[in-house]
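Please have the sequence and the structure at hand while reading.

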Amino acid sequence: MAYSSSSSDDASDPEPTVPSMYIIPGPYRWDVLRKRTQHAYISQQVWNTEHVRRLKTRRGKPQGGPPTGAIPEVVTDYLTQAGLIHVARMRHLHIDAPLISALVERWRPETHTFHMTQGEMTITLQDVAGILGLPTDGIVVTGSTNEDWPAVSAAVFGAAPQANEFHHSGDLRISFLDRLYARWTDHAGDHDHEIYFTKAHIARMLGCWLLADKSGGSNIGCRLVPLLGGGFDEIGRFSWGSAVLAHLFRNLCELTDVGRSDMGGCHILLQI
């Protein structure tokens, strides 16, 4: 808001009064936000120009399919059957890192909302369904971490990962899926390998950007692999949308700590 005054030759005219303005960067009642000692962290420090941080958004390199990068027609049919075709076509969208950073600065972990000048806002399951086209009800996305992963991977993908294709955390390295992609042309037209390749495509899509961790798409959680063991109709019964939203919320909460700069989760959902 701008203020102006007109000059006058009459010395008796009083000086114009300009009301003082002070913008409070945080809420009026701090007792409601119990994590303020952690969150004075990013939003307060940015306001005081004490700290400027740009997040490192993490997403795996898009991988469409052999040999040109386009999704093969047979894979498209399977992705449609699993209810994942819409989100599969969004994989090449550009990520606006500065915009993501600005949104994180307004995130409150106590309420899971963005504090904007016009009020609080958040992302809902309805947004997930509308933007990504993912199911938001169905079977809970969870799994065990104690499995015979080479055997499980062989059953799902038709090949077992080698020792150097496991990360020290126990996750699968993306190099394992890259090896499966490289074999596509050797088995084109083979029904079983079409299924294996499609499941590898889904695993990359889930692990590299829908449920991405902070590795930048270098690793994929092994717990996702057994969920792809059934038919494509069964894969479509999982509540992927709920898992994607919960994973994004967790990453947003962690990033309110100024000591963190790597972000996982589905950035496209946050950006759009």
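Which residues form one aromatic cluster? The cluster is made up of W107, F114 and F249, in a model that is predicted. The points below start with the chain as a whole and then turn to its rings.

**Chain overview**
- The chain contains 11 helices and 7 strands, and of its 272 residues 40% are buried.
- Among contacts with a separation of 6 or more, 70% are between residues 24 or more positions apart.

**Aromatic pairs**
- Across the whole structure, a search finds 5 aromatic pairs, one of which is the tilted pair of W107 and F249, with 5.1 Å centre to centre and 55° between the planes.
- This pair links distant parts of the chain, since W107 belongs to strand β2 (residues 107-108) and F249 to helix α10 (residues 240-254), with the two residues 142 apart.
- W107 counts as buried because its relative accessibility is 0%, and F249, with a relative accessible area of 13%, is buried as well.
- F238 and W240 form another tilted pair, for which the centre to centre distance is 5.5 Å and the angle between the planes is 50°.
- F238 counts as buried at 11% relative accessibility, while W240 counts as buried at 1%.

**Charge over a ring**
- The charged end of K199 sits over the ring of F232, at 5.8 Å from the centre of that ring.

Technical notes
Residues are numbered from 1 along each chain as its sequence is written. This is a predicted model: local features need pLDDT of at least 70, side-chain atom pairs count only at pLDDT 80 or more; totals for chains, interfaces and linings use all residues. Side-chain values use heavy atoms; hydrogens and water are left out. Helices (H or I, at least four residues) and strands (E, at least two) are DSSP runs, numbered from the N terminus. Buried means under 20% relative accessible area, exposed over 50%, partly exposed in between (1.4 Å probe, protein chains only). Contact means heavy atoms within 4.5 Å. Rings of Phe, Tyr and Trp (its six-membered ring) pair if their centres lie within 6.5 Å; planes under 30 degrees apart count as stacked, over 60 as edge-to-face and the rest as tilted. A charge sits over a ring if NZ of Lys or CZ of Arg is within 6 Å of the ring centre and within 35 degrees of the ring normal.
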